[in-house]
Amino acid sequence: MDNHVAAACDDSCAGSEVNIENIKSKLIPESTAAQLADLFKALGDPTRVKMIHALVQSELCVHDLTEVLSMGQSAVSHQLRLLRNMRIVKRRKVGKTVFYSLDDDHVEQIFLLTLQHLKHE
């Protein structure tokens, strides 16, 4: 075993002055934690990130998204279905055309804040 690692493991922390029970009592429920993790998993795919970024700019139909992303219609539809199931995007039908947009302002805020965080130096 590396001596540096062994020394770090031997040090013990007695904790801080914070009220641990108070923090534990305010933790989000397991189901909410799982939903939040699923949201971040959905955002963890570069194709879906580009799709969301396109939808931040404008409501688009599937054909528009295939053109913007240079992808086939079935691949775009598959990703949109996943994003719809996660309530990240919604659809609006006009005649035979289905338009997609972000589900609500929260999705846009999460996306733009994350993008801003990445650009922050």
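The model is predicted.

**The whole chain.** Show everything as a cartoon. Read along the sequence, they follow the pattern α-α-α-α-β-α-α-β-β-α. The radius of gyration is 21 Å, well over the 14 Å that the globule rule gives for 121 residues, so the chain is more spread out than a compact globule. Along the principal axes, the C-alpha atoms fill a box of roughly 65 × 35 × 25 Å.

**The sheet.** Now select the strands. They make an open, antiparallel sheet in the order β1-β3-β2. β1 (60-61) and β2 (89-94) are the edge strands, and each pairs on one side only. Zoom in on β2 and β3: six bridges join them. Pick Lys 93, then look across to Val 98 in β3, which stands opposite.

**The core.** Which residues touch the most other members of the largest nonpolar core? Select Met 51, Leu 55, Leu 65, Leu 80, Ile 88, Val 89 and Tyr 100. The core has 20 residues. α4 gives the most, with four residues.

**One last stop.** Center on Tyr 100. Leaving out residues up to four places away in sequence, Tyr 100 touches Leu 55, Leu 80 and Val 89, among others. Glu 59, Arg 84, Lys 90 and Arg 91 are also among the residues Tyr 100 touches.

Terms used:
Residues numbered from 1 in each chain as written. Predicted model: local features only at pLDDT ≥ 70, side-chain atom pairs only at ≥ 80, totals over all residues. Heavy atoms only, no water. Core = buried A, V, L, I, M, F, W, Y, C linked by side-chain atoms within 4.5 Å. Buried < 20%, exposed > 50% of the residue type's maximum accessible area, 1.4 Å probe, protein only. Helix = DSSP H or I, 4+ residues; strand = E, 2+ residues; numbered from the N terminus. Contact = heavy atoms within 4.5 Å. Pairing = 2+ DSSP bridges. Rg over C-alpha atoms; globule rule 2.2 N^0.38 Å.
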